[in-house]
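Hello,

Here is the structure I promised to pass on.

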Amino acid sequence: MIPAVPTASYNKPVAALRDPALAGLPGSVVSDEVVPARAPWAKVVRAGEVLRVIDLEGNQAVDFLAYVLADTAERYSAADTIVAQRNIFLTTGAQLRSNRGRVMMTITGDTCGRHDTSGGACSCESNTVRYGHHTKHQHACVENFLMAAAPYGLGKRDLVGNINWFMNVPVEADGTLGIVDGLSAPGKHVDLRAELDLLLLVSNCPQINNPCNAFNPTPIRAVVVRP
């Protein structure tokens, strides 16, 4: 069990902020952070709170994992999520399921339209396969996840197949996955309502070898509100 973590860095009514990027979010801001390009991020989000992930500059992949706070052995399951919704892509109305079949989060808003459940997280090892052995030293999403997870007692064995917000990974006619130019744009966002108390991990993808982000990782913004 993860120790209790303070949930409020500050608390202001969303309307009072007069920030167009927060339009439509109910309640008060619990946390509002810009996650730098290539950086990890972790946050405890309580049931009922809403996380908005904002793609600040467009086509930035945001690798994402979720764990039940009371028992991190229960965590996001790509397989359970895909089977439950009968779709490999995520958008408004989709429910993120755990490996025990419970609903962890619900997508309550989405201005991008499609997000990936299949492409996984880049790693030093996969980079060598995709882009050549000269990339082995480059920082990757797996390392970001490990950095974000370590303060909570989680390690490499706790990493599972993740979601890639804003990433476009179509299934080609021959069954292969394509990693192609995204559907996102500056300011696009996805809203996620927590149905349980959760630990969330993000790798703001540091990949510099794929043209889908113009070879240029960029910052994102993560806002948590409490209705």
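How many disulfides does a search of the whole structure find? The search finds zero, where a disulfide means a pair of cysteine sulfur atoms within 2.5 Å. As a reminder, such a link is a covalent bond between the sulfur atoms of two cysteines. For cysteine 205, the closest cysteine sulfur is that of cysteine 141, and 3.6 Å is too far for a bond. Cysteine 205 is buried, at 9% relative accessible area, and cysteine 112 counts as buried too, at 11%. Here buried means under 20% relative accessible area, exposed means over 50%, and partly exposed lies in between (1.4 Å probe, protein chains only).

Before the rest, a word on what you are looking at. This is a predicted model, in which local features need pLDDT of at least 70 and side-chain atom pairs count only at pLDDT 80 or more, while totals for chains, interfaces and linings use all residues. Residues are numbered from 1 along each chain as its sequence is written, and side-chain values use heavy atoms, with hydrogens and water left out. The pLDDT is the predictor's confidence in each residue, from 0 to 100. Its mean over the protein chain is 89, and 88% of the residues reach 70 or more. Over residues 3-11, however, the pLDDT is below 50; this stretch has 14 contacts in the model beyond near neighbours in sequence, a contact being heavy atoms within 4.5 Å. Where pLDDT is low, the predicted coordinates should not be read in detail.

Helices (H or I, at least four residues) and strands (E, at least two) are DSSP runs, numbered from the N terminus.

Helix H4 (residues 141-149) has Cys141, Val142, Asn144, Phe145, Ala148 and Ala149 buried. Why do these residues lie on the same side of H4? They cover an arc of only 160° around the axis, taken from the directions from the helix axis to the C-beta atoms. The cover over the buried residues of H4 includes strand E3 (40-45), E5 and E12.

Two polar side-chain pairs may interest you. Threonine 106, in strand E8 (residues 103-110), is buried at 9% relative accessibility. Its side chain makes a polar contact of 2.7 Å with the side chain of glutamate 195. By polar contact I mean a pair of N or O atoms within 3.5 Å; within protein, one must be able to donate a hydrogen and the other to accept it, and residues adjacent in sequence count only if both atoms are side-chain atoms. Leaving out residues up to four places away in sequence, threonine 106 also touches Gly93, Asp191 and Arg193, among others. The second pair involves histidine 115 in strand E9 (residues 115-116), which is buried at 0% relative accessibility. Its side chain is joined to that of aspartate 110 by a polar contact of 2.9 Å. Among the residues that histidine 115 touches beyond four places in sequence are Trp165 and Phe166.

That brings me to the backbone. Most residues other than glycine have a negative phi. Phenylalanine 166 has a positive phi near 70° and sits in the loop between strand E10 (163-165) and strand E11 (188-194), where it is buried at 2% relative accessibility. Alanine 214 also has a positive phi, about 60°, in the loop between strand E12 (198-204) and strand E13 (220-226); this alanine is exposed, at 57%.

Finally, which residue comes within 5.3 Å of serine 28, C-alpha to C-alpha, from 198 residues away in sequence? That is arginine 226. Serine 28 belongs to strand E2 (residues 28-35) and is partly exposed, at 22%. Glycine 48 is 178 residues from arginine 226 along the chain, with 7.0 Å between their C-alpha atoms.

Best wishes
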